[in-house]
Amino acid sequence: MSNPQRTCVGCRERTSAADLLRVVVVEGVAVPDPRRRLPGRGASVHPDVECLTLALRRRAFVRALRTTGPLDTTGLEEFVLRQGEGNPAG
């Protein structure tokens, strides 16, 4: 069984979906979906600050998720920061 491949919306690197964090939009809010179970269109990003920063600067989530209007990424940013705190190599 092959591993699905996805492209990180931050660094644009193509890699295994298991290595990326899926993000979906719920009522104008970018929501992390680490279990990959939430319905709707998803965008993938490496769960690190560098890729998240690149994606936000390039407005990649707005394009990839095909949203209109402002997108609240506060919860997503906090989620990625918390993930980084638990990783001594990051």
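A surface patch of like charge is made of residues with over 30% relative accessible area and no salt bridge, joined within 9 Å. The legends below describe close-up views of a predicted model.

**View A. Positive patch on the surface.** Four arginines, R12, R58, R59 and R63, gather on the surface in a patch of positive charge.

**View B. R58 and R63 around helix α2.** R58 is placed in the loop that lies between α1 (49-57) and α2 (60-64). R58 counts as partly exposed because its relative accessibility is 30%. R63, in turn, belongs to helix α2. With a relative accessible area of 51%, R63 is exposed, since the exposed class begins over 50%. From R63 to R22 the C-alpha to C-alpha distance is 15 Å, and the two are 41 residues apart in sequence.

**View C. Strand β3 beside β5.** Strand β3 (residues 21-26) runs antiparallel to strand β5 (residues 42-45), and 4 bridges join them. R22 has S44 in β5 as its bridge partner.

**View D. Hairpin of β3 and β4.** Strand β4 (residues 29-33) also pairs with β3 in the antiparallel sense, here over 5 bridges. Within β4, P32 stands opposite V23. The hairpin has 2 residues between its strands, and E27 takes a positive phi near 50 degrees there.

Note on methods. Residues numbered from 1 in each chain as written. Predicted model: local features only at pLDDT ≥ 70, side-chain atom pairs only at ≥ 80, totals over all residues. Heavy atoms only, no water. Patch = residues over 30% accessible without salt bridge, like charges linked within 9 Å, V, L, I, M, F, W, Y side chains within 5 Å. Areas by Shrake-Rupley, 256 points an atom, 1.4 Å probe, with all protein chains shown as cover. Salt bridge = Lys/Arg side-chain N within 4 Å of Asp/Glu carboxyl O. Lys, Arg positive; Asp, Glu negative; His and termini not counted. Charge placed at Lys NZ, Arg CZ, Asp CG, Glu CD. Buried < 20%, exposed > 50% of the residue type's maximum accessible area, 1.4 Å probe, protein only. Pairing = 2+ DSSP bridges.
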